[in-house]
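Welcome! Have the sequence and the 3D view ready, and try each exercise before you read its solution.

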Amino acid sequence: MFDVNTSIGHWPFRKLENNTAFELKNYLASYGIEGAAVAHNHAACYMNVQESNVELFRDITAEKSGFFRGIATLNPLYAAWEKDLATCRNEFNFKAVRLLPEYHNYKLSDNAAAEIITAAAELNMLVVIPNEIVNYRQRHWMESGIPLGCAALLETAKKFPQAKFLFTETAFADNPAEPYPENIWFEMSRFQCCFRDTLNKFIAQVGADHVLFGSGAPFKEIEPALIKFRNIKLEKTELDLIAKNNFINLFS
């Protein structure tokens, strides 16, 4: 099993446990997780976001086991983002880039977002966009992270069919008015499963080949995501897609 939604580093508004590469790996492995995609929390607040990607590369390289797949975070309003994106792809071998519009003061509809999404697609990098990092009902009063909203995420995916998107920390409708675009993959930790059947219905809409297991650790405990996964009503081949094979395909 692989976890597509994790991070390391400090968060300015609350204390996080298991937030170093070594601690997070041990925490995830204790629940049977064999690998994870990981971003760096410092990226939300650094003026030069590339410094957080350097930290991420250093920390997951020092961990040495190959457990982690790095996700770069970049701000398209920063002057050197094109050079930094190339460095993350070609030198750090990161297969994905994360965008945080609410933390970096732009909108997904802006030209700046269009430029970095287009560049990422040309480098065959997955574009990861969290709907939010910390749940807006629990965030610190100084924290900016208002949810982007499903409509904005979907509109972005439709606008850039040449790009591959992973949307995290959000739950989409299980009965959409029109089919979801084929260039989107969905992380499952915010979907309801046990008390409402939203997750099973959603997977029936988009297919198991477009859903990935994610926990949100260390911001969230891993047990709720595992309980949701264990309550998915699918055949083993489809469960394997969600648990590991989709991850391997996107990050290989």
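This is a predicted model: local features need pLDDT of at least 70, side-chain atom pairs count only at pLDDT 80 or more; totals for chains, interfaces and linings use all residues.

Residues are numbered from 1 along each chain as its sequence is written, and side-chain values use heavy atoms, with hydrogens and water left out.

**Exercise 1. Find how many salt bridges the whole structure has, and look at the one between Asp240 and Lys236.**

Step 1. Start with the rule: a salt bridge is a side-chain nitrogen of Lys or Arg within 4 Å of a carboxyl oxygen of Asp or Glu. Side chains of opposite charge can pair when their charged atoms come close.

Step 2. Searching the whole structure with this rule gives 8 salt bridges.

Step 3. Between Asp240 and Lys236, the closest N and O atoms are 2.8 Å apart.

Step 4. Helices (H or I, at least four residues) and strands (E, at least two) are DSSP runs, numbered from the N terminus. Asp240 and Lys236 are 4 residues apart in helix 9 (residues 236-251), so about one helical turn separates them. An α-helix has 3.6 residues a turn, so residues three or four places apart point the same way.

Step 5. For accessibility, buried means under 20% relative accessible area, exposed over 50%, and partly exposed in between (1.4 Å probe, protein chains only). Asp240 is buried because its relative accessible area is 19%, while Lys236 is exposed because its value is 58%.

**Exercise 2. Which parts of the chain does the salt bridge between Glu169 and Arg190 link?**

Step 1. The closest N and O atoms of Glu169 and Arg190 are 2.8 Å apart.

Step 2. This pair links distant parts of the chain, 21 residues apart: Glu169 is in the loop between strand 6 (165-168) and strand 7 (184-187), and Arg190 is in the loop between strand 7 and helix 7 (198-206).

Step 3. Glu169 counts as buried because its relative accessibility is 5%, whereas Arg190, at 22%, is partly exposed.

Step 4. Now widen the view: Glu132, Glu169, Arg190 and Lys220 are linked in a network of salt bridges.

**Exercise 3. Describe the lining of the second largest pocket.**

Step 1. On a 1 Å grid over the protein atoms alone, a cavity is a set of points where a 1.4 Å probe fits but cannot get out, and a pocket is an open set with protein on both sides within 12 Å along at least five of seven lines; lining residues have an atom within 4 Å of a point. Grid points are joined across faces, edges and corners, and a volume is the space filled by probe spheres set on the points.

Step 2. The volume of the second largest pocket is about 380 Å³. Its lining has 24 residues, and Ile133, Glu169, Gly216, Phe219 and Lys220 lie nearest its centre.

Step 3. Strand 1 (2-8) and strand 5 (126-130) each supply at least two lining residues; strand 1 has the largest share, 4 residues.

**Exercise 4. Is Ile116 buried or exposed, and which residues does Ile116 touch?**

Step 1. Locate Ile116 in helix 5 (residues 111-122).

Step 2. Ile116 counts as buried because its relative accessibility is 1%.

Step 3. Contact means heavy atoms within 4.5 Å. Not counting residues up to four places away in sequence, Ile116 touches Leu74, Pro76, Trp81 and Leu99.
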